[in-house]
Each structure stands twice: as C-alpha cells, then as structure tokens.
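Dear colleague,

I am handing over the structure below, and would be glad if you could look through it alongside the notes that come after it.

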Amino acid sequence: MSGNADVQHPLADWNAKLVSIRRELHAHPELSHEEFRTTEAIRAWLAEAGVRIADFPLKTGLVAEAGGLHGGPVVALRADIDALPVREETGLPFASRHDGKMHACGHDFHTAALLGAAFLLKERERELPGTVRLIFQPAEEKAQGANLVLASGALRGAKAIFGFHNKPDLPVGQIGIKAGPLMAAADGFVVELHGVGSHAAVPEASVDPIVAAAQLVTALQSIVSRNVGPLQSAVVSVTRLQAGTSWNVIPEKAVLEGTLRSFDPDVRLLVRERFEQVARGVAAAFGAGVRVRWIEGPPAVINDPYWVEAAAAAAAKAGLTSVEPVPSPAGEDFAFYQREVPGAFAFIGTSGPHEWHHPAFDVDERALPLAASYLANAAEEALLRLTRTGAVTGERRDRA
C-alpha cells in the first residue's frame with residue numbers, strides 16, 4: 001500500500017468515529033429521494049461537532065458550512081448520500097437491515113469522508129480564509145440530486161467545487177485525478193418500432209417490427225465504429241428488446257432500450273444524430289414507423305486543469321499518491337455542478353473486492369481518513385489560491 005494510512009488528526013478518536021459513522025450509514029441505506037433518516041443522522045453528527053447548518057430548501061440532503069469568520073471566497077465540497085435497490089450479500093456484521101436496499105456504490109463511504117472533512121475544517125475554522133460549503137447531496141443514483149441542489153441556490157457564489165468517488169480497483173493510498181474527461185455522459189434511449197400485426201403463418205400480411213428491430217440492433221453497432229474517431233470514444237449498448245405476446249402472432253410493436261456513453265460533448269451530439277438517422281433509415285427500409293426517445297442523463301465529468309493542480313497538492317498533503325486514472329464510462333451527476341462552477345473530481349482507492357453496484361461490494365475502511373483529509377485539504381488549498389490570486393482564478397471554466 002502506498003501513501004500513509006495512519007495520518008494523525010486533531011480528534012483523538014477521529015478514525016474510529018469515521019468508521020462508526022460509515023457502518024451506521026451502511027446498515028440503514030435509503031434510496032434516492034427517501035434519505036430522511038440519513039439526512040437527520042448527518043444533521044445530528046454535524047450539530048454534535050458544532051458545524052453550522054446552512055438554510056437551503058432541500059427535501060432530503062443538506063448543506064453545512066465551515067469558516068467564513070473573516071469573509072473571503074466560497075468553495076464547495078460534495079458527497080452523495082443515497083443507496084441502491086440491491087439485496088446485500090456481503091455477510092458483514094453491519095450489513096443492510098433493509099432487504100433490497102444497499103450501499104452498493106459506496107455513498108456511505110463518501111458521506112462519512114465528508115463528515116470527517118467537516119470535523120477537520122471546524123477544528124481549523126478560525127484559520128480558514130473563506131467559507132467551505134459542505135453539500136450532502138441526495139439522489140445521485142437517479143442523476144437528479146445535483147440539479148435539486150443547484151435549484152436550492154447552494155452553489156451560488158462558490159468559485160470551485162471538489163468531490164470524489166471510491167475506486168475499488170485502486171489500492172488504498174492512491175488517488176486517481178486528471179484534467180479533462182474523467183467520467184462519461186450517460187444517456188438512455190427508448191426506440192419504438194411500429195408495424196402491422198398478423199398471424200405468424202401469414203407474414204406477407206404484416207410489417208414485422210421484430211425483423212426491423214433485429215436489423216436495427218446490428219446497424220446501431222456501426223455508429224461508433226464508423227463515425228467516432230479512433231482517438232475518441234463512445235459506447236452504444238442495446239440492453240432490452242421486447243416484442244410480442246404469443247408464439248404464433250407477429251406483433252404490431254417492438255421496443256428497444258439501452259444507453260449511450262460518451263466523454264466529448266461534440267461526440268455525444270454526433271452519435272445521437274446518427275442514431276436517429278439510422279433508426280429512421282432501418283424503419284423505412286422495412287416499412288415500419290419509428291419513434292426515438294432520449295432519457296438525458298448527466299454530461300461528462302470534465303475536470304478543470306487549474307483545480308486539478310490544487311487537488312493534487314491537497315492529495316499529497318493527505319498522504320495520497322496521485323496516479324493517472326483510466327476514465328470511467330459510468331455517469332456522475334457531479335458533472336452538473338461543473339457546468340456552473342469549475343472544479344475537480346477524483347477517484348480514491350479503496351481496494352474493494354467487487355466493482356460498484358455488486359451485491360457483495362465493500363470498501364477498505366483504512367481509506368476513510370485519507371479521503372476525509374483530502375477533502376479538507378482541497379477546500380483549504382482552493383481558499384488559499386483564491387485569496388492569493390483573486391476570484392478571477394475561479395472563473396476558468398473554459399480550460400477543461
């Protein structure tokens with residue numbers, strides 16, 4: 001293991017406290033928009049530490065603040081708090097007590113780390129040259145929570161924002177951070193092909209949507225291979241095809257569903273345009289009608305180079321070793337914040353046995369103090385840089 005997992009902190013029982021918090025959250029997972037108990041638990045832990053709660057209108061989740069005693073700029077830290085509809089299979093003594101719900105993506109780890117950062121920042125509050133806004137965000141798994149936070153005004157006035165996601169395939173002690181794209185834009189699609197039904201023994205009387213759907217699945221695979229450059233990337237996956245109700249009836253409709261993942265905004269638009277052209281063309285070739293509906297997810301997470309430099313400095317101070325991460329095709333609604341405020345998102349190694357969303361997903365809790373220290377250091381580093389150079393630095397939105 002690289003890095004230092006035994007960093008000393010002002011609070012004597014700090015590490016044990018973070019582990020206790022994480023396990024309490026893990027045992028009581030709540031799904032997106034249902035995080036009422038989680039919110040109240042976070043509120044209680046913050047109040048116990050004397051961290052002030054900010055007044056922003058959120059149904060679940062909350063925002064707290066540290067610093068601001070001497071004026072100065074505002075920076076933000078964010079963690080997501082919701083769980084997944086997954087039945088846990090870890091066998092842990094603190095496993096989920098709610099069947100069919102689980103922190104299978106590590107948001108309990110993220111929340112505990114941000115609470116740890118809040119405790120550290122509270123200890124250093126008198127020295128902070130500005131305000132740190134601590135965002136405990138709901139509904140990340142639905143890609144809706146970030147926009148709820150933005151609508152509440154919680155990011156207003158902030159000059160930079162930092163967040164992270166645990167990464168099971170990185171060892172404890174490492175942090176993956178890079179400028180530019182880190183996580184993908186995640187869009188869903190639904191395609192309806194409308195034909196004419198008939199008896200299966202009389203196919204000439206039909207317009208068979210199943211045949212059209214089969215051809216469309218194949219044709220869609222050519223979009224990336226023949227329209228996206230080899231140094232760029234995108235993924236088009238059809239994950240569901242449904243048609244018919246009987247073995248001897250040609251149905252009137254077939255439905256395809258799936259996802260598009262991309263890292264470049266121009267590629268995202270190109271693939272969507274070609275997707276619709278291909279769908280219309282295949283449908284027309286078979287005499288079928290077609291309707292394409294997009295389920296727009298978050299854009300790509302694109303890190304600002306200036307704030308990546310700040311994040312790397314904060315990571316080194318926390319005892320983390322920076323590595324060049326492989327961008328993930330998974331989506332993250334942290335990207336919505338980055339459209340408003342420049343910032344940096346990172347992967348923090350947790351030496352996990354399974355990838356995100358697996359029913360036996362777990363994290364190595366030795367990474368908790370490292371993650372919390374990183375967040376606190378990132379906020380302090382950002383405030384120092386903004387204080388030295390002025391707010392103009394925080395407006396470098398076009399550098400990524």
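This is a predicted model: local features need pLDDT of at least 70, side-chain atom pairs count only at pLDDT 80 or more; totals for chains, interfaces and linings use all residues.

Strand β4, residues 131-137, is largely enclosed by the rest of the structure, because 7 of its 7 residues are buried. The burial holds on both faces, with T131, R133, I135 and Q137 on one side and V132, L134 and F136 on the other. Strand β2 (residues 62-67) pairs with β4 in the antiparallel sense over 6 bridges, while strand β3 (residues 74-80) runs parallel to β4 and is joined to it by 7 bridges. R133 in β4 has E65 opposite it, and A76 also stands opposite R133.

Together with helix α3 (residues 107-123), strands β3 and β4 make a right-handed β-α-β unit. The 17 residues of α3 should span 24 Å at 1.5 Å a residue, and this agrees with its end C-alpha atoms, which are 24 Å apart. Since 15 of those 17 residues are buried, α3 is largely enclosed by the rest of the structure.

In strand β3 lies D80, which counts as buried because its relative accessibility is 0%, where under 20% is the cut-off. Leaving aside neighbours within four places in sequence, D80 is in contact with H107, H110, T111, Q137, E140 and E332, and a polar contact of 3.2 Å joins its side chain to that of H107. D80 and F334, although 254 residues apart in sequence, are 9.2 Å apart in space, C-alpha to C-alpha.

With best regards

Methods
Residues are numbered from 1 along each chain as its sequence is written. Side-chain values use heavy atoms; hydrogens and water are left out. Buried means under 20% relative accessible area, exposed over 50%, partly exposed in between (1.4 Å probe, protein chains only). Helices (H or I, at least four residues) and strands (E, at least two) are DSSP runs, numbered from the N terminus. Two strands pair if DSSP finds at least two bridges between them. A crossover is right-handed if, with the strands pointing away from the viewer, the path from the first strand over the helix to the second runs clockwise. The expected span of a helix is 1.5 Å times one less than its number of residues. Contact means heavy atoms within 4.5 Å. A polar contact is a pair of N or O atoms within 3.5 Å; within protein, one must be able to donate a hydrogen and the other to accept it, and residues adjacent in sequence count only if both atoms are side-chain atoms.
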